[in-house]
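Hi,

Here is the structure I promised to pass on to you. Have a look at it first, and then read my notes below.

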There are 2 protein chains.
Amino acid sequence: MLIGLHLGNGYGSQPGAWRMPGVDPKSYVNFDVIVKQAQAAERGKLHFLFLPDGPSVSADVETQPPGVNMEVMMTLAAIARETKRIGLVATGSTTFNEPYNLAKQFKALDVMSHGRAGWNAVTSSSEEVAAFYGRNIPSSEDRYGRAHEMVQLMQALWGSWGKDAWVHNQESGEFTKKGQVRPINLQGQFVSSSGPLYIPPSEQGQPVIVHAGGSPNAHELAGRFANVVIGSAFTIADARAQRAAFRAAAARYGRDPDELKFFAGIMPTIAKDKRTALDRRIQLTKEHFPQRVAYLERMLGIPLDSTRLNDPLSPAQLKAARPSRYDPRSSHALTIAQEGWSLRDILAHGVIDYHPVTVGPGTEAADHMQKWFEAGAVDGFWILPDVNVDGIDAFVEEVVPILQARGLFHQEYEGKTLRENLGVPYQYGVDPRV
Amino acid sequence: MLIGLHLGNGYGSQPGAWRMPGVDPKSYVNFDVIVKQAQAAERGKLHFLFLPDGPSVSADVETQPPGVNMEVMMTLAAIARETKRIGLVATGSTTFNEPYNLAKQFKALDVMSHGRAGWNAVTSSSEEVAAFYGRNIPSSEDRYGRAHEMVQLMQALWGSWGKDAWVHNQESGEFTKKGQVRPINLQGQFVSSSGPLYIPPSEQGQPVIVHAGGSPNAHELAGRFANVVIGSAFTIADARAQRAAFRAAAARYGRDPDELKFFAGIMPTIAKDKRTALDRRIQLTKEHFPQRVAYLERMLGIPLDSTRLNDPLSPAQLKAARPSRYDPRSSHALTIAQEGWSLRDILAHGVIDYHPVTVGPGTEAADHMQKWFEAGAVDGFWILPDVNVDGIDAFVEEVVPILQARGLFHQEYEGKTLRENLGVPYQYGVDPRV
């Protein structure tokens with residue numbers, strides 16, 4: 001089982017994370033804090049850190065931190081120097097970056113981290129982000145057209161030095177082998193570059209390609225180029241179907257489907273017992289309860305009273321409840337309601353969140369992960385801690401040892417590079433198979 | 001007197017630097033080496049590191065390292081974490097960057113370094129660089145038009161949070177003050193952005209604007225926006241005239257000329273005596289002697305024999321020599337020749353190099369710097385060591401103490417931010433005066 005960690009904005013994935021006791025309210029800009037979180041994840045032998053970027057950066061900045069890290073590449077450059085083994089994955093928009101600049105930065109990260117970089121190549125689809133760049137969002141066709149060209153162009157730039165070109169022989173004065181640093185001269189419909197890029201191979205050749213998304217376009221892009229998919233699924237059946245779709249796409253491009261690893265998200269709240277964990281999530285999310293009660297009404301198709309958070313649903317309510325077909329989380333919400341929890345505790349179970357939530361001691365998260373993994377739904381998980389400052393430590397100390405004891409998770413990093421640790425092939429330059 | 005250090009490609013400014021004893025031939029990608037050089041400069045209380053980027057990256061990569069650092073922003077992010085006081089200046093092309101991305105990176109560097117960042121805002125003018133971006137070089141008018149807009153737009157983005165907007169009050173739940181994180185909605189002819197940028201002020205407000213160049217366009221751009229000019233001059237008279245032109249431009253924009261600091265380059269080779277220093281430069285540059293003899297012929301207007309490097313110029317040659325009016329270095333070359341040095345040693349004096357060269361013990365560099373400084377030719381210097389690995393240490397140990405003893409150079413950093421150390425005003429957002 002592979003595991004990545006969502007580092008995010010430095011506070012945690014829950015809206016109240018930045019206000020929790022022990023959290024530095026300046027974590028967003030405090031690199032001591034951020035690096036410490038990265039080191040904690042590495043202590044747990046997690047495969048990589050994941051720093052998304054791009055859409056939904058603003059949220060409501062008057063009451064909430066931005067949803068993503070301030071500057072993902074600069075942050076990973078700092079982390080690269082202060083960690084040894086953990087992979088470093090960041091999002092770089094294929095829509096709003098100069099390919100030469102982005103190629104240079106990810107390759108530099110790969111070199112400075114000794115082969116631990118991954119590029120989450122995703123298109124930008126939000127008009128808010130487009131406006132940062134003084135533009136409008138291109139059509140989906142153009143966005144994915146550019147994305148395919150960006151990956152090809154960047155991989156070509158990454159391979160623009162012959163694999164053994166850099167001899168740096170002080171005796172003979174030969175810095176690179178004659179004729180082996182070459183222009184790439186790629187001219188696409190959306191992007192082009194002469195190259196070369198003046199960076200030699202890293203220990204893993206070049207960064208791992210990552211993709212996040214679930215649409216048919218995502219299947220094509222990831223199936224063609226990616227080794228990692230950062231996915232999102234609420235049920236085993238959904239995850240299994242998504243994983244199969246990505247694997248089928250990889251096969252269509254002549255690749256071994258096992259080279260493409262599908263990750264689902266999980267949001268664990270870890271505490272000594274379920275009650276303590278639920279109370280922690282109440283503290284983290286209670287300001288959102290009024291609108292979540294309203295949303296839960298639609299998920300279950302019944303009226304609910306947001307002034308009676310202490311009460312469980314009545315037998316009549318439970319009988320009338322029907323999970324909405326429009327929200328894949330609805331069945332789980334009903335299951336929790338049927339267990340007799342109060343309305344407050346139903347919400348505290350995280351029945352309305354961006355990924356499946358587990359609440360309780362480490363076994364809760366471990367059991368969830370084992371079940372999904374053994375069902376063939378995923379190759380691994382990306383963990384979104386509720387609060388980074390203690391949630392990462394809790395995962396490392398309470399969940400990782402269980403997974404290791406069950407033989408599901410490695411005891412030590414397999415190798416030194418991200419590719420070795422993920423079990424995906426070395427690659428340098430454009431993959432000759434695609 | 002202000003002093004910056006050219007960090008460059010990690011080897012040094014001389015073509016043979018990468019082959020010198022004690023030099024790691026992989027310095028170009030070895031961040032342990034690069035960080036150590038930065039720390040050495042900080043030990044000498046140097047005001048800033050300077051990492052140029054852009055043109056002339058390729059040189060002849062079969063025998064020479066690229067002329068610039070692999071990735072200047074990622075490198076400075078790493079250095080920011082491992083130094084405390086030294087300023088961090090890098091070039092960011094105003095021609096081939098998305099302004100939102102560049103604004104984000106320099107502001108992040110400023111925040112993570114606690115107010116030590118500087119942006120060298122220069123246009124790209126090389127067709128080779130343009131081809132990396134799949135473009136042609138725009139006209140000078142368009143390049144400088146875009147440059148002015150880039151600086152304004154980036155400064156507006158840097159100021160898009162109210163100066164005291166970030167309250168991050170955990171008790172009240174107020175993350176930023178209501179209405180104080182605002183779009184900028186700037187629409188120029190070349191660049192535009194809605195903003196805002198999701199980064200609060202740094203300790204110095206925002207990065208220092210630096211410019212490099214000497215044309216009338218450079219005077220305008222720097223006079224309007226910059227606090228530092230990275231200049232190039234071979235004589236005191238030339239430096240003084242350049243400095244005056246920049247100061248006059250600042251005054252035209254309603255600024256105090258003292259806010260704009262003019263730096264000239266100096267390339268010191270430091271050794272226990274002149275002979276040892278000359279021999280060091282011979283080792284570093286001898287492969288270039290044949291073409292330099294040919295060039296020296298044109299500088300002095302006389303034929304020279306490249307097979308007789310051991311001989312000084314004959315009385316007849318010296319009598320016939322006339323310094324070329326087309327190369328400002330020619331008079332100095334003739335002066336050295338008249339001192340009776342061999343042809344080899346004339347070249348070893350660095351009479352043909354990118355900046356004035358000093359050769360000898362620390363007093364040589366210190367005397368040069370004092371003379372220029374006291375003549376009002378410069379506010380400071382940027383140092384281009386011949387070989388970084390020992391050249392930085394030599395400058396710090398042999399030249400800095402002399403300058404300090406003469407009362408020319410500070411004993412300690414004046415403050416914590418680059419602006420404090422340079423003696424230039426705090427700025428946040430767009431300067432209201434320009």
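In these notes, two residues are in contact when heavy atoms of theirs lie within 4.5 Å. Please keep in mind that this is a predicted model.

Let's start with the core. The largest nonpolar core holds 216 residues, and among those with the most contacts inside it are A:Met369 and B:Met369. Leaving out neighbours within four places in sequence, A:Met369 is in contact with A:Met1, A:Ile3, A:Ile266, A:Phe381, A:Ile383, A:Phe395, A:Val399 and A:Leu403.

Next, the annotated site. An unreviewed UniProt entry marks A:Asp53, A:Thr91, A:Tyr144 and A:Ser215 as "binding site". You will find A:Tyr144 in helix H5 (residues 140-158) of chain A. Is A:Tyr144 buried or exposed? A:Tyr144 counts as buried because its relative accessibility is 12%, under the 20% cut-off. Not counting residues up to four places away in sequence, A:Tyr144 touches A:Ser215, and also A:Thr123, A:His211, A:Asn217, A:Ala218 and A:Leu221. A:Ser215 sits in the loop between strand S9 (208-212) and helix H6 (216-225) of chain A, and is partly exposed at 31%.

Finally, some backbone details. A cis peptide bond links A:Gly195 to A:Pro196, with omega about -10°; in chain B, a cis peptide bond joins B:Gly195 and B:Pro196, again with omega about -10°. A:His114 has a positive phi, near 60°, though it is not a glycine. A:His114 belongs to the loop between helix H3 (99-112) and strand S4 (117-122) of chain A, and is partly exposed, with a relative accessible area of 47%.

Happy exploring!

Definitions and conventions
Residues numbered from 1 in each chain as written. Chains lettered and ligands numbered in written order. Predicted model: local features only at pLDDT ≥ 70, side-chain atom pairs only at ≥ 80, totals over all residues. Heavy atoms only, no water. Core = buried A, V, L, I, M, F, W, Y, C linked by side-chain atoms within 4.5 Å. Buried < 20%, exposed > 50% of the residue type's maximum accessible area, 1.4 Å probe, protein only. UniProt positions renumbered as here; feature names shortened; annotations may be inferred. Helix = DSSP H or I, 4+ residues; strand = E, 2+ residues; numbered from the N terminus.
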